[in-house]
Amino acid sequence: MRPLRLALLALVIAAPALAVQPSEMLKDPAQEARARELSAQLRCLVCQNESIDDSDADLAKDIRLLIRERITKGESNAEVRDFLVSRYGDFILLKPPFKLSTALLWFSAPLTFLLGGLAIWFASRRRPAPTAALSEKEERLLLMLQEAGAVVPPTSPPPASRRRSPSSRR
Amino acid sequence: MIVEAGHYALALALAISLLQTIVPFWGARRNDATLMRVADSAALGQLLFVGFAFFALAYAHMTSDFSVLNVAENSHSAMPLIYKFSGLWGNHEGSMLLWSFILALFGGLVAVTGGGLPRKLRADALAVQGLIGAAFLGFILATSDPFLRLNPAPFEGQDLNPILQDPGLAIHPPLLYIGYVGFSIVFSFAAAALIEGRIDAAWARFVRPYTLVAWGFLTLGIAMGSYWAYYTLGWGGFWFWDPVENASLMPWLAGTAFLHSVAVMEKREGLKVWTIFLAILAFSFSLLGTFLVRSGVLTSVHAFASDPTRGVVILAILAGFVAGSLALFAWRAPLLKQGGMFAPISREGALVVNNLFLTTACATVLVGTLYPLALEQVTGAKITVGAPFFNASAGVLLLSVTFLTPFGFSLAWKRGDLLGVAQRLSVALIGGVVVLAFLLATLHGGPVLAPIAASLGVFVMLGSIAEVVSRAFRGGAGVSSALYRALRWPLSFWGGALAHFGVGVTLLGLAATGFGAETIVAMRPGQPVEVGPYRVVYEQLLNRAGPNYQETAARMKISRDGAEVTTLEPARRNFGARRMATSQAGIATLNFGQVYISISDPAEDGSLPARLYWKPLVTLIWLGALAMAFGGALSLADRRLRVGAPVRARSGAKAAAA
């Protein structure tokens with residue numbers, strides 16, 4: 001499916017700009033590093049989930065220059081970011097800010113994990129106990145069958161270990 | 001003429017697929033063997049006619065028949081033949097035809113290889129497969145006809161999008177589609193099991209080969225797409241968590257979870273309901289991916305197929321199959337008899353944990369992908385959910401499950417011994433810790449996660465090896481008897497070991513991206529530039545003509561410690577027909593790492609703006625994926641899992657144990 005993504009990208013690159021260019025970079029390495037760090041967190045508004053640091057789009061270049069201009073003026077990273085958010089909205093942040101409207105998003109992973117874990121716990125408790133007693137018999141039966149060569153445990157090839165592990169428990 | 005025949009064949013295939021749906025299903029209900037047998041011939045007939053349509057369109061593309069709209073819009077007479085052929089699926093209509101072709105291919109595969117399957121199960125599964133085929137063939141004929149003619153025909157085509165003129169287009173979509181669509185057969189089998197209300201270990205055995213095929217190809221397809229992006233985009237990014245990529249990752253995650261849970265079903269008759277659910281889920285994600293990409297909902301500005309009716313029809317297909325299968329699931333799943341319980345510390349317990357992590361990661365990717373759409377619909381607010389979110393959620397989950405992988409793989413079925421496993425993995429654990437200590441001692445700064453992930457990757461690789469070695473030498477066996485023993489193991493064990501080893505390899509490659517070097521500079525002829533341990537000298541500019549483009553290449557000499565290593569020629573290509581330029585990166589693979597150089601157009605003062613990278617171990621990312629897919633292929637080659645050979649298989653296994 002990536003060709004599509006590339007195709008979309010191609011629309012954007014028609015004018016051959018490229019990701020960060022030497023000519024754009026600031027003289028002061030510390031300031032330039034800050035600019036790079038900031039650009040990596042900002043979305044190219046006309047691309048798909050690509051940061052402006054990596055994007056070839058002209059708009060991304062404009063924003064890269066804007067960031068550098070603001071940094072040379074002495075603004076802090078937070079100030080530059082706030083300015084861009086006030087201009088383009090949260091849309092420009094690759095990492096969605098934690099708000100009431102994004103709480104569900106941010107909690108989705110821990111919540112799913114927790115619910116899944118609970119479901120497994122309850123499912124394992126709900127099962128009746130008798131199976132446990134039966135499994136001893138099963139085990140012995142299986143052992144006998146294995147020794148007779150009638151059944152082969154499919155994934156664990158060495159029969160030697162099979163015999164050992166139950167006996168070591170006894 | 002052949003084009004019209006192709007169109008007609010497509011219509012015939014639609015009729016046959018409807019037949020394939022109705023007759024065997026009816027036959028299965030009436031227990032009529034003759035009617036059920038129709039499934040096989042119908043599946044093969046559908047394959048024949050869809051295949052004919054596919055090759056008719058391929059013929060039009062390869063002969064540059066510009067009287068066909070699809071060819072005129074996506075081809076050019078000067079294009080190399082391979083791109084003329086692969087250009088077939090570099091557009092909406094053609095790629096849907098490829099989709100249907102592969103769907104029919106899997107139906108045909110079941111008809112040919114399914115001799116050993118229970119008759120009813122096969123008839124029902126092929127009926128469901130036929131229904132999916134009918135839906136998509138109907139969709140193509142109604143909204144996306146690739147055989148439309150143009151009158152008058154233009155003299156020349158509009159050319160294929162230059163970015164798609166790449167060997168990647170010939171390889172990546174077919175691989176990915178075989179994976180995507182391959183899960184349809186698993187879905188069909190799940191639906192068939194639900195219709196019958198019966199499922200057992202044998203079912204797990206039947207679907208495993210098809211699952212392995214789909215999963216292996218999906219793994220390769222994703223890896224290939226990622227490598228294509230890597231060498232095309234000019235800065236070496238290979239994964240962006242963009243919706244289209246997520247669309248391919250979700251079926252992979254669900255499919256991987258399925259592959260593991262179906263093993264529990266096969267060995268312990270457990271997790272039946274859950275496994276069926278995963279089978280439905282995996283293909284639903286394939287359909288969702290198709291919808292997301294084909295409808296253009298995700299990319300309002302850059303829609304590839306922006307015809308809204310198409311989006312609505314695919315959405316209807318998606319909703320129909322997902323809702324239908326889930327309703328069937330809710331209705332019939334309670335009938336399925338549950339297997340025995342299992343101890344928490346056991347192989348099956350570990351596989352449950354594996355499934356918890358993988359499905360949570362999958363759910364997180366789903367939520368992250370759809371959240372911006374939903375939020376915009378509900379509140380009108382526009383947000384971006386980018387890499388930082390996915391890394392912090394799905395990334396952490398996948399990293400955690402990777403850590404657990406060697407433990408699960410070493411645990412015995414039924415009742416495992418965690419202490420014993422820890423002992424057997426001690427060498428691997430120590431290896432991981434040594435790597436971590438070494439990286440922390442030698443590196444200053446850089447991403448925190450990289451050393452952790454790297455040591456984790458090493459641990460998983462060593463863990464896989466440790467399991468093989470300790471199994472072979474168990475009970476104090478000598479070298480020759482250990483070797484003898486190892487050679488008798490079923491191939492599926494080797495497959496599992498290799499695939500898990502591959503996970504570690506990929507992880508190590510991903511981690512190593514944190515140790516790379518980058519230099520962005522305006523290069524001048526003769527002046528050396530350092531990148532990582534390498535020195536690059538820009539020598540001269542070369543202007544060349546390709547078949548349908550003009551190329552400006554820069555010759556660069558790469559050396560290390562004064563010794564010349566290789567020469568690279570990164571280039572810019574200008575495609576006249578579409579007035580577009582692409583960047584061809586110069587890449588040299590050196591000890592699993594790569595020197596990667598991409599250039600912009602030369603400046604007026606003679607300098608050449610360039611981006612140079614040293615990416616240590618980067619190829620491991622894709623080599624690991626290759627190992628995973630190859631592991632899948634090994635498992636597939638295991639005689640015991642081959643459909644239609646259950647009897648021979650058992651005697652073969654007996655011989656292995658003797």
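Trainee: Which residue in strand 5 of chain B is the bridge partner of R560(B)?
Mentor: The partner in strand 5 of chain B is A563(B). The model is predicted, so local features require pLDDT of at least 70 and side-chain atom pairs pLDDT 80 or more, while totals for chains, interfaces and linings use all residues. Residues are numbered from 1 along each chain as written, and chains are lettered from A and ligands numbered from 1 in written order.

Trainee: How many bridges join strand 4 to strand 5 of chain B?
Mentor: Five bridges join strand 4 (residues 550-560) to strand 5 (residues 563-568), and the two run antiparallel. Strands are DSSP E runs of at least two residues, helices H or I runs of at least four, numbered from the N terminus; pairing requires at least two DSSP bridges.

Trainee: And what do strand 4 and strand 5 of chain B form?
Mentor: They form a hairpin with two residues between the strands, and D561(B) in the turn has a positive phi of about 50°.

Trainee: Which strands make up the open sheet of chain B?
Mentor: Its four strands follow the order 1-10-9-8, with antiparallel pairing. Strand 1 (517-523) and strand 8 (586-590) stand at the edges with a single partner strand each, so one side of each lacks a neighbour in the sheet. Within the sheet, strand 9 (residues 593-599) and strand 10 (residues 608-615) are joined by six bridges, and S598(B) has R611(B) of strand 10 as its bridge partner.

Trainee: Changing topic, what domains does the assignment give for chain B?
Mentor: Domain 1 spans 1-165, domain 2 198-416, domain 3 425-514 + 624-657, and domain 4 517-615. These bounds come from an automatic or database assignment.

Trainee: How many residues of domain 2 of chain B are in contact with domain 3 of chain B?
Mentor: In chain B, 19 residues of domain 2 are in contact with 23 residues of domain 3; contact requires C-beta atoms, placed from the backbone, within 7 Å.

Terms used:
Contact = placed C-beta atoms within 7 Å.
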